[in-house]
Amino acid sequence: MSNGVLIQIAKTHLLTRKKQSAIASLGVTFGIGTFIVLVSFMTGLNGLLDGLILNRTPHVRIYNEVKPNPVQPIEKSERFKGSVNMIHSIKPKQELSSVRNSLPMMAVLKKNPLIKGVTPQVSARIFYQSGSVLLNGNAIGIDVLEEDRLFNFKQYIVGANPSDLANNENGIVLGIGVAKKLSLNIGDRVQMLSSTGATFRLKIVGFFQSGLADLDKMQSYVNVKMAQRIAGQGNNFITDISVKLYDIEKAKYMSDQIANTYGVNAIDIKTANAQFETGTSIRNIITYAVSITLLIVAGFGIYNILNMVIYEKMNDIAILKATGFSGSDVKKIFIYQAMFIGIVGGLLGLLLGGVMSYAISKAPFETEAIPTVKTFPVNFDPLFYLIGSVFALITTFFAGYLPAKKASKIDPVDIIRGQ
Amino acid sequence: MAYAESTSTQNNHILRTVEVQKSFVDPVEVEVLKNINIWVDKGEFVSIMGKSGCGKSTLLYILSTMDTNYKGQLFLADRLLTGLSGNELAVVRNEQIGFVFQFHYLLPEFSVLHNVMMPGLKLGKKSREEVEFDAMKQLRLLGVDDQATKKATQISGGQKQRVAIARALINEPKIIMGDEPTGNLDSRNADIVFDIFKELSSELGTSLLVVTHDADFAKRTDRIIEMADGRVIS
Ligand SMILES: Nc1ncnc2c1ncn2[C@@H]1O[C@H](COP(=O)(O)OP(=O)(O)OP(=O)(O)O)[C@@H](O)[C@H]1O
Ligand SMILES: [Mg+2]
């Protein structure tokens, strides 16, 4: 009914002590600003690391582990049933390292509604050859375009696009470490020796750079067909199948199901990268803990200043009450002041946070590990700005509420008699 | 209670107390108001006199509804105010009671005009423009309209007192109470204030209840309530 006059009184109180009001607002500004910067940067970093590991790693990897048959022939014999059989020096079964029935299995998996994509890999041992020098290495055959669609293959290549490899049957994306050792450049040919003794000369279309020096010194990428030829095998020779799901949370379920249904080895991403989640959640905890601490400090600033204002304004409060303002009116006057401080400080904080985040996102950040990233990763999610505003309002409301309640309880008679 | 009901109908009392009693515990219990039964009629100008410390201010705080910690009953225009909530009493004070303090109590950060407007804006029955118009009218009545735009801290004591009276008048209250409203004024200004009060009671029918030490001032009012030692003696 008369909130207008209450707001006006609150505004006058704030404007007559501009300096203190400004300092109180700045407290909120820094709290919110820091929150925005921290959370944008931290989640940006998380996103980058997710991209680095999670997006590049298959949610389920299907492979064939070479191991001894758990059921040895003696176990099947009636004669030795029930006795303790001791066999020494068991050898693994002589078999190929390829996944059995890979092509039909992939065809079936591709139809599964939970699965976003399935892509094969063929791993072949090779030697890079330069004159009489032989370097140990690994050529991995991939379905280039699918690999890029599902696992961001593009992020590992320097100097080329995935399609350059896909369009060149005899092309190779050479490990950058190998290229350095052999002084090879894009457009050159690299000579390789397969484990069957055949020689291949492939054209270098780009370099592979994962950031892991040991890997870059060994690994190169070719098309699936080429890898199968290097391995001297047919087109059903596939050593790994990478599966990407729509929902990463289903990875464990899916890997168990695949392993049971097809009798193959399957490992899910969570099991393979258990340490990863911990890092993400710890970064989140730090972000929120630091921001909340800053906001609480800002809240104390507001609390302090309002307490001071109320102490100075005892007479005014008594007059207001004597002339018909109720306790709740007085409470509103001071809560409005806190909210003004919170809103102004909070808005400036959002602005400050946004500007600083933008500056960070433009700062150069070069790393071997991710050749495609040139600046710091920053996540400009509007949700953070919403959370920041809500934080600012809640803290300032509580910081204002206690002094305001005290003001509403002031007995005008005490003040008037005290004169 | 029976007494209150039997006497509440037959008169035109604006303000009435029934057996009001007040004690302070500081550190032993002292009774400062004893069996106060007073009334003020519509349009009546009443003064309260008595020695320093006899309880005049204490009584006035109770009558103005600011002090609710008393025994007995308080009626304003036949409505029992005793026992109402703080918010309800604030509305009563805002609408029906004007209070003038001994010390000119103005809000220092606001202009003179704004100080006068404040209770009117709180009441919220009129538009801002109407309240401003009324406030200017009151300031003119009290001869301080030329000070309207100044800050409340930039005018003299006598002017402040008149501004405080203008503020008490803004909502056209049923009764105006004053605790030595002329105590800080020279005789010329005191006379001005007295004349204004007199005019209010005779022309607008506003009731007045004013504590004063000034016997000349009291003599010119309609009725004097004498107090001594927490009692009404005449
Ligand atoms: N808060 C208090 N605690 C204890 N005693 C009080 C308190 N306020 C007033 N008194 C006592 O109550 C009595 C009445 O005080 P009050 O202020 O009503 O006197 P008064 O008649 O207005 O005097 P004066 O003419 O000097 O203003 C005094 O004896 C005073 O000491
Ligand atoms: Mg007194």
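This note sets out numbered points on helix packing, the interface between the chains and selected residues of a predicted model.

1. Basis. In this predicted model, local features need pLDDT of at least 70 and side-chain atom pairs count only at pLDDT 80 or more, while totals for chains, interfaces and linings use all residues; side-chain values use heavy atoms, with hydrogens and water left out. Residues are numbered from 1 along each chain as its sequence is written, and chains are lettered from A, with ligands numbered from 1, in the order in which they are written.

2. Interface between the chains. Contact (heavy atoms within 4.5 Å) links 24 residues of chain B with 30 residues of chain A. The buried area, that is, the accessible area (1.4 Å probe) that two parts lose on being put together, summed over both, is about 2400 Å² for chain B and chain A, and carbon and sulfur atoms give 64% of it. Of the area that chain B buries against chain A, 30% comes from Y105(B), E109(B) and K122(B), more than from any other three residues.

3. Helix α1(A) against helix α4(B). Helices (H or I, at least four residues) and strands (E, at least two) are DSSP runs numbered from the N terminus. The axes, which are lines fitted to C-alpha atoms, for helices over the stretch in contact, with angles running from 0 to 180 degrees between N-to-C directions, come within 8 Å for α1 (residues 3-16) of chain A and α4 (residues 112-123) of chain B, and they cross at roughly 140°. α1(A) and α4(B) are therefore oblique to each other; angles under 35 degrees count as roughly parallel, over 145 as roughly antiparallel, 65 to 115 as roughly perpendicular and the rest as oblique. The crossing of α1(A) and α4(B) is left-handed, a term for a near helix turned anticlockwise from the far one by less than a right angle, with right-handed used if the turn is clockwise. V5(A), Q8(A) and I9(A) of α1(A) meet H114(B), M118(B), L121(B) and K122(B) of α4(B). By class, this contact has four nonpolar, two polar and one charged residues, where Ala, Val, Leu, Ile, Met, Phe, Trp, Tyr, Cys and Pro count as nonpolar, Asp, Glu, Lys and Arg as charged, and the others, Gly among them, as polar.

4. Helix α4(B) is largely enclosed by the rest of the structure, because 12 of its 12 residues are buried. The cover over these buried residues includes α1, α13 (314-322) and α14 of chain A, together with α3 (86-96), α5 (128-141) and α6 (157-169) of chain B. G124(B), which has a positive phi near 70°, follows α4(B).

5. Helix α14(A) and its partners in chain A. The axes of α14 (residues 327-362) and α15 (residues 382-409) of chain A come within 7 Å and cross at roughly 155°. That angle makes α14(A) roughly antiparallel to α15(A). Their crossing is right-handed, and the residues of the contact divide into 14 nonpolar, 10 polar and two charged. For α13(A) and α14(A), the axes come within 9 Å and cross at roughly 140°, which makes α13(A) oblique to α14(A). The crossing of α13(A) and α14(A) is right-handed. In α13(A), I317(A), L320(A) and K321(A) meet G327(A), V330(A), I333(A) and F334(A) in α14(A); the residues of this contact are five nonpolar, one polar and one charged.

6. F334(A). This residue of α14(A) counts as buried, at 1% relative accessibility. Residues up to four places away in sequence not being counted, F334(A) touches H13(A), L306(A), V309(A), I310(A), I317(A), A404(A) and A407(A). The C-alpha atom of F334(A) is separated by 59 Å from that of L212(A), the two residues being 122 residues apart along the chain.

7. Q228(A). Helix α9 (residues 224-231) of chain A contains Q228(A), which counts as buried at 5% relative accessibility. Neighbours within four places in sequence left aside, Q228(A) is in contact with V122(A), Q233(A), G234(A), N235(A), N236(A), F237(A) and I238(A).

8. Positive phi in residues other than glycine. N101(A) has a phi near 55°; N101(A) lies in the loop between α3 (73-76) and α4 (102-110) of chain A and, at 61% relative accessibility, counts as exposed. A77(B) has a phi near 50° and lies in the loop between β5 (71-76) and β6 (79-80) of chain B. At 32% relative accessibility, A77(B) counts as partly exposed.

Technical notes: Buried means under 20% relative accessible area, exposed over 50%, partly exposed in between (1.4 Å probe, protein chains only).
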